[in-house]
Amino acid sequence: MKSHRKELWFEVPTRRGFINITSDVQRTIDESGVKEGLVLVNAMHITASVFINDDEPGLHQDYDEWLERLAPHEPVDGYRHNVGEDNADAHMKRQIMGREVVCAITEGRLDFGTWERIFYGEFDGRRKKRVLVKVIGE
Ligand code: ZN
C-alpha cells in the first residue's frame, strides 16, 4: 500500500472565509501515484473546517450568515471561552461545519458527484493555518 502526506497552508486575510481546495487535493493525489484508495483531508486547527459542498458564492454567503446567527462573534464577552481571546464563536462554527472529509479515489481521480467540491472554512483567520492531506491506496 502506498501512502502520502502533505500539509496545505492558508492565510485568510479576513476573520472568516471559504476557499475551494479541490485542485490542491487532486494535485496531492497525483503526487502520491495512488489510483485506487482514499484521501483524508482535515483542518489541523480547532477554529477551521474542511467540508464538501457546492462552489456557489450565494451559498457561501448564506453559510456565513447562518453561522453568524447560530454563533455570533459579538458580543465577545457573551462567551466563557473568551478570556484573553475572542474566538469562541469560531470554535462553534468549526464544530458545525466539521473537521474533515474522506473521499474515494478511483482511477487516480476524486470520485465525486457533479457538484461536490472540497472547501477550507476559516472562522478565525488573519494567521497561517494548515490542512492535512493523507492519501492511502494502491
Ligand atoms: Zn479559542
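How many bridges join strand β3 to strand β5? The views below come from a predicted model, in which local features need pLDDT of at least 70, side-chain atom pairs count only at pLDDT 80 or more, and totals for chains, interfaces and linings use all residues. Residues are numbered from 1 along each chain as its sequence is written, and side-chain values use heavy atoms, without hydrogens and water.

**View 1. Strand β3 with β5 and β8.** β3 (residues 37–43) and β5 (residues 100–106) run antiparallel and are joined by 6 bridges. Strands are DSSP runs of E with at least two residues, numbered from the N terminus, and two of them pair if DSSP finds at least two bridges between them. Val-41 has Val-101 of β5 as its bridge partner. With β8 (residues 129–137), β3 pairs in the antiparallel sense over 7 bridges; here Asn-42 is partnered by Leu-132.

**View 2. Leu-38 in strand β3.** Leu-38 counts as partly exposed because its relative accessibility is 42% (partly exposed lies between buried, under 20% relative accessible area, and exposed, over 50%; 1.4 Å probe, protein chains only).

**View 3. The open sheet β2-β7-β4.** The 3 strands of this sheet pair in antiparallel fashion. β2 (17–20) and β4 (48–53) are the edge strands, each pairing on one side only. Between β4 and β7 (residues 117–122) there are 6 bridges, and Val-50 has Tyr-120 of β7 as its bridge partner.

Terms used
Helix = DSSP H or I, 4+ residues; strand = E, 2+ residues; numbered from the N terminus.
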